[in-house]
Amino acid sequence: MSCCPAEPVKSDIRQDVKDYYGKRLKTSDDLQTSACTTPATRLKKHVRDAMKLIHDDVVIKYYGCGLVVPECLEGMSILDLGSGSGRDCYALAKLVGENGFVTGVDMTDEQLDTANEYVEYHRELFGFKESNVKFVKGYIEDLKSAGIRDSTIDIIISNCVINLCKDKRAVLKEAFRVLKNGGELYFSDIYSDRVLSDEIKSHKVLWGECISGALHWKELFSLAKEIGFELPRIVSAKVVEVTKPELKEVVGDAKFVSAEYRLFKLPPGVKREKSEIMYNGDVTGYEDELQFDHFVKFTKDKPIVVDGDLTAVINCSRFQGEFEIKKAKCCSVAAKAEDIDPFLVALSSGDSGSSSASCCPESKCC
Ligand SMILES: C[S@@+](CC[C@H](N)C(=O)[O-])C[C@H]1O[C@@H](n2cnc3c(N)ncnc32)[C@H](O)[C@@H]1O
């Protein structure tokens, strides 16, 4: 399959996106649908508690499409691609604690201004001696120019941003470069069920709607493989519908889903042997069980057999100390990572598509 031709990013798309997030949207109240809000029921208590601390001025400018708070965060170095007003950065700053650090990168001055205004406010509220958050102006296709060095980041998050970038390959390559071995990209974005037509791709309103730039979900798998990531593991998915008749006409039969994936970067030549692994229940907020992805759930003190790929992911990542890992005695493994259709995951999660757009209000776009 041809994947993401490396055509140069046209500056007008970037400018449109900057104008949209910097000038058109004032608060997330401008959003017309609930597609970009994360259902409160999905939030674990420790995450909810951290979110509650975030300043209202930051929260009202939240435009993400999912929850990008992975597990096992204490002391981690985190990078947020397209950090916006900084809601996820501040929540993660609280969760990584004083020994961790969060860097947000964004290209839009107005978003950065809001984020920067509350650095000291959150430092004081969290009771930290020094702030553990910083926001940097830059393009996520070129993190080097934003000062992010090779192999320095434990976890990259991104919330509804990569769809807005024309050159997704560049974004994922940069993410791979800056991650440490064992690090992961844990992100939420919009995907399509097909390669989109030129008509959809060149539609300004649909671009602002985070629809035109949606990657065909299969392309995510081929891109991830090409760059060197492990097979993407889907965490959750929710169908997104385009409801406005004039936009629906352009979109035709194309379907969209917002999904969270985790992509690990492992050291080259890592050993991949099936194993029996047992979760110790020590990860904050996941004392009884840890849902690693849509298919794999670890229950405290209950050993399960996993394949060589998942064994390698656990063994080489920050999760290593949270599991007892033994050679597997038997053959059957818990669900194997595969390139699973996120639309099926959305359906199996009981979501038949109640959301009526992606992350931008249809009427406000362009
Ligand atoms: C949908 S908003 C999401 C913001 C934030 N992640 C949140 O959840 O509120 C998209 C953000 O990505 C930023 N952005 C889009 N393309 C970018 C790029 N190529 N480089 C850096 N930032 C970008 C925009 O400026 C905007 O702040």
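## A walk around the ligand

Start by selecting Tyr63 and the ligand: a backbone N or O atom of Tyr63 is 2.8 Å from a ligand oxygen atom. That is a polar contact, meaning a pair of N or O atoms within 3.5 Å. Before you go on, note that this is a predicted model, where local features need pLDDT of at least 70, side-chain atom pairs count only at pLDDT 80 or more, and totals for chains, interfaces and linings use all residues. Residues are numbered from 1 along each chain as its sequence is written, and side-chain values use heavy atoms, with hydrogens and water left out.

Now click on Thr108. An N or O atom in the side chain of Thr108 lies 2.5 Å from an oxygen atom of the ligand. Next comes Asn159, where a polar backbone atom is 3.2 Å from a ligand nitrogen atom. Taken alone, the ligand exposes 590 Å², and the protein buries 99% of that (areas by the Shrake-Rupley method with a 1.4 Å probe).

Zoom out to the shell. Which residues come nearest to the ligand? Of the 22 around it, they are Tyr63, Gly82, Asp106, Thr108 and Glu141 (a residue is near if one of its heavy atoms lies within 4 Å). Colour the shell by type and you get eleven nonpolar, eight polar and three charged residues, with Gly counted as polar.

Last stop: the cysteines. Cys72 is buried at 12% relative accessible area, and Cys160 is buried at 3% (buried means under 20%, with a 1.4 Å probe and protein chains only).

Note on methods
Polar contact = N/O pair within 3.5 Å; in protein donor to acceptor, adjacent residues only side chain to side chain. Buried < 20%, exposed > 50% of the residue type's maximum accessible area, 1.4 Å probe, protein only.
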